[in-house]
Amino acid sequence: MKMNKPWMITATCIVVTSLMTGSAFAKSENGNNADKADSSKPAVELNVKVNVDKDATVTSDTYVGNQGKNGYHGLLHALENVKDKPAGAVIADLLLTNYGAHISDELKAELDAIKDRDAALSAVADVLDEQGSVTDAVYVQKEAVKVNIKNLNSYKKLGKLYEKLGKKGVLLYVNGEEPTLEVNPFIKDGSTLVPFRAISESLKAEVTWNAEERSVTVTRGGITVKLFIDSTKATVDGKEVTLEVPAAIVEGNTVVPVRFISEALKATVKWEEETKSVVIYEDK
């Protein structure tokens, strides 16, 4: 994913501001002439670049020749102030990248937790959102979802960003991707119905339609599932089962209960209530 958007500068500003705040605080603790500190010269000068092509890590061009204690302790101090905020992931990665030899195993474990790849991407999305670049935030948060397709919090954050852009209704994700839909998912009698073909194609299953029976059959990994339109009757490998809500045809598209079809095909289904997100993924 090439990042040629100007929001790289935004991330830089956030981190530099955090470091300057931490540095100024450290100076005030040291006492002498704290009020006369030259704010135009931060103790640690950074030129941060967000590089998602390389595992979304963050590097600094200005650390070469500046590996001394001032930079190391400045980052540690700044991290204490912002580790639960977006800049925390950026600073944690800088510490691990540039000062690995100075870090204890205990601190390294803490930093690794802060800078988890999906967390780092989500942190960048937070920065963009705070700066009003919601469209760019969505772009980055989608990448965070793909990094860890089992993390429901990533889907929730993406859903909330979509809400800011005016996108409403039930959202559908399959293995971290958003399949192309000809009809939107919807909730009926407490069950979520989704376009059958979109699910099947995303899971790389084979689909056949029988016009005479008005039935649809999907085959995947030796499993065969058959549903009948407007009927709660279905079969899985020839064994009859009863659905809570029947399959139906909406705007020329077959829709089916998402939990039934996904679990029948041995995929995991999760529901994120706050953003009405259906999350389907395969355990690999």
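Leaving aside neighbours within four places in sequence, which residues is alanine 248 in contact with? The answer is Ile229, Asp230, Asn253, Thr254 and Val255. Please keep in mind that this is a predicted model. The chain has 284 residues, and 45% of them count as buried. Below is a friendly tour, starting with the overall fold and ending with single residues.

**The chain as a whole**

- Nine helices and 14 strands make up the secondary structure of the chain.
- If you take the contacts between residues at least 6 apart in sequence, 51% of them join residues at least 24 apart.
- The chain has an accessible surface of about 15200 Å², and carbon and sulfur atoms account for 47% of that area.

**Nonpolar cores**

- In soluble globular proteins, nonpolar side chains tend to be buried together.
- Here, the largest nonpolar core holds 29 residues. Ile199, Val225, Leu227, Phe260, Ile261 and Ile280 are those with the most contacts inside this core.
- At least two residues of this core come from each of strand 3 (171-174), helix 8 (196-202), strand 7 (215-220), strand 8 (223-228), strand 9 (233-236), helix 9 (258-264) and strand 14 (277-281).
- Helix 9 gives the largest share of this core, with four residues.

**The largest pocket**

- The space in the largest pocket comes to about 350 Å³.
- Its lining consists of 16 residues, and Phe196, Arg197, Ala198, Asn253 and Thr254 are the ones nearest the pocket centre.
- Helix 8, strand 6 (206-210) and strand 12 (253-257) are the elements that give two or more residues to this lining.
- Helix 8 makes the largest contribution to the lining, with five residues.
- Sorted by class, the lining has eight nonpolar, five polar and three charged residues.

**Strand 11**

- Alanine 248 lies in strand 11, which spans residues 248-250.
- Alanine 248 has a relative accessible area of 15%, so this residue counts as buried.
- Alanine 248 and leucine 227 are 21 residues apart along the chain, and their C-alpha atoms are separated by 9.7 Å.
- Valine 250 also has its place in strand 11. With a relative accessible area of 23%, valine 250 is partly exposed, because the buried class ends under 20%.
- Valine 250 and valine 183 are 67 residues apart in sequence, yet their C-alpha to C-alpha distance is 7.4 Å.
- Setting aside neighbours within four places in sequence, valine 250 is in contact with Val183, Phe186 and Val255.

- Asparagine 175 is not a glycine, although its phi is positive at about 55°. The loop between strand 3 and strand 4 (186-188) holds asparagine 175.
- Asparagine 175 has 19% relative accessibility and therefore counts as buried.
- Aspartate 189 is not a glycine either, and its phi is positive at about 50°. You will find aspartate 189 in the loop between strand 4 and strand 5 (191-195).
- Aspartate 189 counts as exposed, with 69% relative accessibility.

**Two further residues**

- Serine 154 sits in helix 7 (residues 152-164) and counts as buried, at 3% relative accessibility.
- Not counting residues up to four places away in sequence, serine 154 touches Asp118, Ser122, Gln141, Ala144 and Val145.
- Lysine 266 belongs to the loop between helix 9 and strand 13 (268-272), and lysine 266 is exposed, with a relative accessible area of 64%.
- Lysine 266 and arginine 220 are 46 residues apart in sequence, and 9.3 Å separates them in space, C-alpha to C-alpha.

Note on methods:
Residues are numbered from 1 along each chain as its sequence is written. This is a predicted model: local features need pLDDT of at least 70, side-chain atom pairs count only at pLDDT 80 or more; totals for chains, interfaces and linings use all residues. Side-chain values use heavy atoms; hydrogens and water are left out. A nonpolar core is a set of buried Ala, Val, Leu, Ile, Met, Phe, Trp, Tyr and Cys residues joined through side-chain atoms within 4.5 Å. Buried means under 20% relative accessible area, exposed over 50%, partly exposed in between (1.4 Å probe, protein chains only). On a 1 Å grid over the protein atoms alone, a cavity is a set of points where a 1.4 Å probe fits but cannot get out, and a pocket is an open set with protein on both sides within 12 Å along at least five of seven lines; lining residues have an atom within 4 Å of a point. Grid points are joined across faces, edges and corners, and a volume is the space filled by probe spheres set on the points. Ala, Val, Leu, Ile, Met, Phe, Trp, Tyr, Cys and Pro count as nonpolar, Asp, Glu, Lys and Arg as charged, and the others, Gly among them, as polar. Contact means heavy atoms within 4.5 Å. Accessible areas come from the Shrake-Rupley method with a 1.4 Å probe; for residues, only the protein chains shown count as cover.
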